[in-house]
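Me: I've got a structure open and some questions about how it is put together. Can you walk me through it?
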Amino acid sequence: MSNSNDTAIQEFISEGNEIFQRVFDSLQALEKGSKDPELLSSLYRDMHTLKGTAQLFGFQNIAKLAHVLEASLDPIRKNNLSISPRLHECCFASLYLFGKLLTNVQNTKSDHGFTDEILRMTTLLIDAATHQFEGEITIENESFTGSERKIDFEKLKPTAEVELKSEPRKLKTVPEANVINLKNDLLSAASVAPVIAAESAPVQEVLSLNAPEATIRVQVGLLDNLMNIIGELVLVRNQVLQFKNKHEDAELLGLSKNLDVVTTQLQTEVMKTRMQPISNVVSKFQRVVRDLAKELNKQIDLTLEGAETELDKTILEAIKDPMTHLVRNSCDHGIETPAQRKSAGKPENGHLLIRAFHEGGYVIVEISDDGKGLDPKKLIAKAIEKNLISTEQSLSMQDKEVYNLIFMPGFSTAQNVTSVSGRGVGMDVVKTNIEKIGGTIDLNSTLGKGMTVGIKIPLTLAIVPALLIKTNGENYAIPQVKLVELVRVEIDNHQSSIEYLHGKPMLRLRGDLVALIDLRELTNKNFSQSKYEDTNIVILNAGGEILGLIVDEISDTADIVVKPLSAFLKYLTLFSGATILGDGTVAIILDVIGMAMAANINTQRTKEIDPSLSLADGAVKKSFDAQEFLLIDVGTNVTHAIPLCLVQRLEEFSLKQLEFSGKQKVVRYRDQLLPILDLCELLNYSKPENSKEQPKEVESIVVVQRSGKFFGIKVTEILDIITADCDIDDTVCDRVGILGNIVHDQTVIVIVDILSLLELKQHGTNGLKKNQTSQVQSTQLSSKNNIERIKSMSVDMKSKKVRVLYAEDVAFFRKHVMKVLNGAGFEVTVFENGAKALAALDKSYDNQFNLILSDIEMPEMDGLEFAKQVRKRNKFNDIPMIALTTRFKQSDIDAGVKAGFTSYMEKLDPEKLLKQVAEIMNLNLEDIRRAEA
Amino acid sequence: MSKDNLRSQYSTFIMADNLYGIDVMQVQEITKALPMTRVPLAPKYVKGLINLRGQISTAICLKELFQIESKRNDEVMNVVCRLNDILVSFLVDKIGDVLELEEKDFEHVPDTVPRSIKQFVKGVYKIPGKLLTVIDTEKIAQRIQEESKQATMNSNA
């Protein structure tokens with residue numbers, strides 16, 4: 001009756017697949033020992049549904065199998081027993097058979113074939129089921145064979161109503177055991193369904209069994225259309241809003257506001273319809289991993305985290321294959337055989353973790369295994385062997401660059417080509433596919449410990465945040481995901497300028513050479529410019545390679561709706577599409593990879609992928625002592641600088657935003673009040689005579705964080721960021737709040753000790769609260785006392801030799817703390833991360849160090865891991881460890897203490913640091929107490 | 001049905017003082033000149049992208065495509081067509097009436113017409129006082145797609 005009805009069959013198949021997945025999940029959970037009775041019931045229900053629908057469509061084979069499976073599970077469900085391993089295995093096997101049958105249905109519209117397998121499977125199932133119920137063998141056996149026979153015949157065609165009706169009757173004649181009776185009731189209910197099916201009413205009933213929630217299936221194409229129309233509505237809305245700005249009509253204002261709200265709502269709701277949980281893709285991996293593990297004779301557990309994270313359906317489809325590839329890779333190459341794992345001292349069960357989470361408008365999916373990780377040496381050898389890189393190149397490569405070799409076309413490290421992977425294609429395809437949907441891929445690996453592949457993907461393809469720029473009078477859009485930073489080079493500013501290498505413009509960006517390409521040159525072959533003056537540069541990340549794009553003007557940021565270029569313009573690889581801006585004009589979307597290729601920049605030679613990583617990476621690349629400073633003008637004729645590691649953000653506030661709390665200037669900032677402190681006043685500089693000029697429209701504010709609170713430091717102008725690798729010279733320090741001076745480009749730059757200034761300020765206000773009459777002067781005096789106190793403390797401590805091992809990755813803190821400790825007469829040995837410090841500690845002779853200081857956030861090995869490792873080695877158990885950090889939440893402190901730190905304190909507080917050290921080292925506590933009193 | 005009764009409707013327009021026509025069924029709409037965004041590196045006849053109520057249409061200059069010399073740059077109207085699912089706007093000087101023409105007036109293109117134009121032309125209608133050149137949009141679509149293919153191959157090479 002229904003074989004002609006293709007759409008109906010399609011429905012059946014998609015529902016069958018859903019059931020298949022659900023049953024698989026339930027079986028898996030049961031295998032892991034879950035005792036949830038609901039699992040079995042749902043399994044049972046699903047089989048029942050499948051049987052019903054299969055019969056409805058005339059797929060007797062499927063129906064038969066479903067029936068036997070259902071019947072085998074029934075006694076277990078009824079008696080609340082747990083499923084036996086044997087029966088469990090049979091269930092899995094029959095599930096796979098279902099899979100085959102479903103595929104068959106999809107291809108041929110019939111479920112013929114596999115008759116033998118089905119027969120074998122049913123026998124096995126009955127056998128396994130009866131085996132579990134030894135007490136009821138006879139009855140069960142009879143009933144099962146009975147029922148099987150009944151369903152087995154060819155006459156069980158849904159069209160043959162009489163036969164079907166006869167089935168429940170016959171079943172009822174089976175000897176009555178409780179179990180069977182109950183089952184029969186259900187059976188009879190089910191088999192009525194196909195009978196009335198001709199009137200199609202029970203279809204609903206069958207479906208409703210399956211879908212307790214009120215959902216309807218909609219064609220994806222329809223949603224796509226809807227999405228497109230919404231996209232256009234958004235554009236019209238934008239135009240109306242712009243129009244409104246020009247006309248001051250109250251009614252129009254109100255209406256357009258309503259339109260705005262409704263459109264936004266509509267947009268979010270329609271976006272939601274396209275969102276699907278990532279579990280739709282990743283839950284299938286349970287099966288993939290299970291199968292692979294069997295095939296490869298490995299033991300692999302898969303854990304899914306954040307499977308409920310939602311992604312646009314198109315993107316979900318697009319990441320399915322790359323992810324499958326990555327999972328298979330991990331199983332095949334990453335995780336070792338149980339024997340290998342045992343000998344490596346790891347648990348025999350390999351562990352694979354798929355984690356999905358939201359981060360800044362993107363979804364990040366991480367696939368990590370605890371396998372053997374990537375071996376940089378092997379990778380290099382292979383790459384050289386395959387002529388992908390030269391030997392010289394390999395010498396200068398960072399580990400990260402080496403790992404990224406596997407993304408090169410024609411690269412495969414597997415020793416053997418297996419059916420699973422190792423054919424040398426794949427990772428490059430994975431990378432291209434991920435980049436095609438505007439995502440990035442990142443790889444981390446520790447040899448012997450495993451590796452993690454992170455995929456960063458946009459939530460949706462339809463609407464992307466973009467930077468709008470102008471060149472040659474035309475608007476262009478650049479997707480934000482490719483954007484690293486914006487740089488303006490001014491000819492008057494001698495701090496940075498464009499240099500020329502064989503006629504090609506280059507920019508020195510914090511010590512790195514960045515190749516510049518001119519958008520005018522890219523878009524106009526006859527264009528050439530030999531000298532640049534004031535230039536706007538957009539720093540972009542093209543598949544890991546950083547490049548600078550010279551543009552005429554940087555306009556704005558906007559959420560754009562991406563539309564493809566006409567098919568016959570697709571060959572223009574510079575562009576990835578077009579979009580309509582708020583004012584109705586069309587802007588072309590630039591393809592960053594395409595531009596890099598047009599400029600002959602090799603995007604395959606990947607350095608670092610995640611722009612957020614580039615800073616950390618850059619810091620490692622730079623010399624051990626390099627420090628970055630934010631150059632500021634405070635209204636004096638000397639340039640001042642703040643260590644960049646202390647700066648949270650740079651902000652501009654208009655005068656309108658400034659408010660007062662008492663006498664304190666404040667700005668509402670991220671749901672809290674940001675006190676605005678004038679650096680010029682903090683440093684006690686006198687205002688320049690000619691400061692009668694009008695106050696500026698906007699104030700430049702440097703936001704710094706201290707003890708978890710934000711402070712806004714008002715400066716006259718923010719100049720630049722420089723990297724200096726010279727020492728801070730503290731011989732000239734004419735006032736409180738100055739750390740010292742550095743010399744950069746032949747000019748003296750004053751380094752501001754911003755944290756001390758903030759502390760002074762806070763103490764000052766506290767003092768004011770206690771004693772209304774006290775003056776700012778006295779705070780300054782007390783701070784001088786503080787310094788004296790520190791000095792006296794230091795003298796006392798010199799009596800006992802303290803040898804400190806200090807791990808800290810930021811050069812600034814390293815120097816600062818070293819200076820404080822050295823000043824107190826301690827011997828300090830510094831290391832830039834936990835791993836190096838640990839190695840040094842291991843090599844040290846007995847009692848070489850009697851105090852360990854460590855930062856928490858460090859590359860390679862963080863402070864927590866460092867502390868754990870130190871505490872693992874019994875001989876260092878007595879060395880006190882102090883964590884010096886900016887992370888100061890209770891949970892952080894707890895974690896630190898758990899890892900083995902003796903105490904936990906804030907960076908850059910010399911007095912507290914010395915006090916703490918003294919306390920821990922039992923140094924002249926009396927003196928300190930006296931000093932405190 | 002006799003040949004005389006076959007009638008077709010053509011949307012007509014004028015370029016460089018010549019009258020052209022496109023089958024009315026292929027024309028989606030006619031609009032006035034709209035702001036255009038230039039597409040760098042595109043073929044010369046691609047004048048830019050036009051926002052057509054939220055749809056992006058590619059503007060093609062027929063004079064450029066037909067290699068018609070014209071001193072004036074006075075294309076002010078868009079004839080919007082959908083060629084193989086690609087939305088294009090033909091830029092023309094002036095819009096004429098929609099004419100209903102009889103098959104009996106139809107002629108093939110005389111051989112003396114320059115090849116650059118002839119390749120895109122279906123034929124000619126003899127209407128009182130003037131001749132109407134019927135444009136074959138299929139051929140135009142074919143041509144621009146071929147050129148794009150060629151360009152893709154060149155850029156890959």
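Reply: Start in chain B, where Thr58(B) stands opposite Val88(B) in strand 8. This is a predicted model: local features need pLDDT of at least 70, side-chain atom pairs count only at pLDDT 80 or more, and totals for chains, interfaces and linings use all residues. Residues are numbered from 1 along each chain as its sequence is written, and chains are lettered from A and ligands numbered from 1 in the order in which they are written.

Me: Which way do strand 6 and strand 8 of chain B run, and how many bridges join them?
Reply: They run parallel. Four bridges join strand 6 (residues 55–61) to strand 8 (residues 86–92) of chain B. Strands are DSSP runs of E, at least two residues; helices are runs of H or I, at least four; both are numbered from the N terminus. Two strands pair if DSSP finds at least two bridges between them.

Me: What's the strand order in that open sheet of chain B?
Reply: The order is 3-7-8-6-5-4, six strands with mixed pairing. Strand 3 (27–32) and strand 4 (36–37) of chain B each have a single partner strand, so one side of each lacks a neighbour in the sheet.

Me: And chain B overall, how many helices and strands?
Reply: Three helices and 12 strands. Of its 157 residues, 31% are buried. Buried means 20 or more other C-beta atoms within 10 Å of the residue's own, with C-beta atoms placed from the backbone; 12 or fewer is exposed, and in between is partly exposed.

Me: Now chain A itself. How much of it is buried?
Reply: 37% of its 933 residues. Chain A has 30 helices and 34 strands. Among its contacts between residues at least 6 apart in sequence, 65% join residues at least 24 apart.

Me: How do helix 13 and helix 18 of chain A cross?
Reply: Helix 13 (residues 313–334) and helix 18 (residues 427–436) of chain A have axes that come within 9 Å and cross at roughly 150°. Axes are lines fitted to C-alpha atoms, for helices over the stretch in contact; angles run from 0 to 180 degrees between N-to-C directions. Helix 13 and helix 18 of chain A are therefore roughly antiparallel, a label for angles over 145 degrees.

Me: Which residues make that contact?
Reply: Helix 13 of chain A uses Ala318(A), Asp321(A), Pro322(A), His325(A) and Leu326(A). Helix 18 of chain A answers with Val430(A), Asn433(A) and Ile434(A). By class, that is five nonpolar, two polar and one charged.

Me: Last one: what's the order of the open sheet in chain A?
Reply: 10-14-15-13-12-11, six strands with mixed pairing. Strand 10 (483–489) and strand 11 (498–501) of chain A are the edges. Strand 11 pairs antiparallel with strand 12 (residues 504–509) of chain A over four bridges. There, Tyr500(A) has Pro505(A) in strand 12 as its bridge partner.

Conventions: Contact = placed C-beta atoms within 7 Å. Parallel < 35°, antiparallel > 145°, perpendicular 65-115°, else oblique. Nonpolar A, V, L, I, M, F, W, Y, C, P; charged D, E, K, R; others polar.
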